[in-house]
Amino acid sequence: MDLGRMLNAKERKSLHALILKTEAEVATEVHLAFYKTSDDPDVLAVAKAYFVKHKLDKNVHHNAVLIYLLEKDRKFAIVGGEGIHQKVSANYWDELSLKLSEQFKQGNFYQGLVDCITQLKNDIQRHYPKGISEK
């Protein structure tokens, strides 16, 4: 997954706009992080460390979501806060990851990320609509 081939500038801008729209409509934070590689082969552990380092575990509802991609390693992980874990099914993250993985295998990087973020927005919105107390 070479970032230059994975997403062009227009697609990056569109994803950024989609994330801003999601955050405007839902009481959550969505982060998309691209890195070339990691010395640690466990992408989920790396993503969880990023999640904590960037204080995504500290948002008001503990429902932030991170999509973490290692381009050269061709790996990704999706990490969600404890608040959303309590609201979704046990296999939710696996199903979401499988859908994204299938899109990536077909070379549909942009559409895969759009679909993933859109599904996250729709699913999180049921539990955390915008306007829910953010104190």
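**Reading the fold and one residue**

A: Begin with the order of the elements: in this predicted model, the protein runs α-α-β-α-β-β-α-α-α from the N terminus on. The radius of gyration is 14 Å, close to the 14 Å that the globule rule gives for 135 residues, so the protein is as compact as a globular protein of that length.

Q: How many helices and strands does the protein have, and what does the C-alpha trace span along its principal axes?

A: There are six helices and three strands. The C-alpha trace spans about 40 × 30 × 25 Å along those axes.

Q: How is burial read, and what share of the residues is buried?

A: A residue is called buried when its relative accessible area is under 20%. Buried residues make up 44% of the 135 residues here. The accessible surface of the protein comes to about 7,700 Å², and 52% of that surface belongs to carbon and sulfur atoms.

Q: What share of the contacts joins residues 24 or more positions apart?

A: Among contacts with a separation of 6 or more, such pairs account for 67%.

Q: Is Leu69 buried or exposed, and in which strand does Leu69 lie?

A: Leu69 lies in strand E2, residues 65-70. Its relative accessible area is 0%, under the 20% cut-off, so Leu69 is buried.

Q: Which residues is Leu69 in contact with, leaving aside neighbours within four places in sequence?

A: The contacts of Leu69 are Met6, Leu32, Ala33, Phe34, Tyr35, Lys75, Phe76 and Phe104. As for Val43, 26 residues from Leu69 along the chain, the C-alpha atoms of the two are separated by 8.3 Å.

Definitions and conventions
Residues numbered from 1 in each chain as written. Predicted model: local features only at pLDDT ≥ 70, side-chain atom pairs only at ≥ 80, totals over all residues. Heavy atoms only, no water. Helix = DSSP H or I, 4+ residues; strand = E, 2+ residues; numbered from the N terminus. Rg over C-alpha atoms; globule rule 2.2 N^0.38 Å. Buried < 20%, exposed > 50% of the residue type's maximum accessible area, 1.4 Å probe, protein only. Contact = heavy atoms within 4.5 Å. Areas by Shrake-Rupley, 256 points an atom, 1.4 Å probe, with all protein chains shown as cover.
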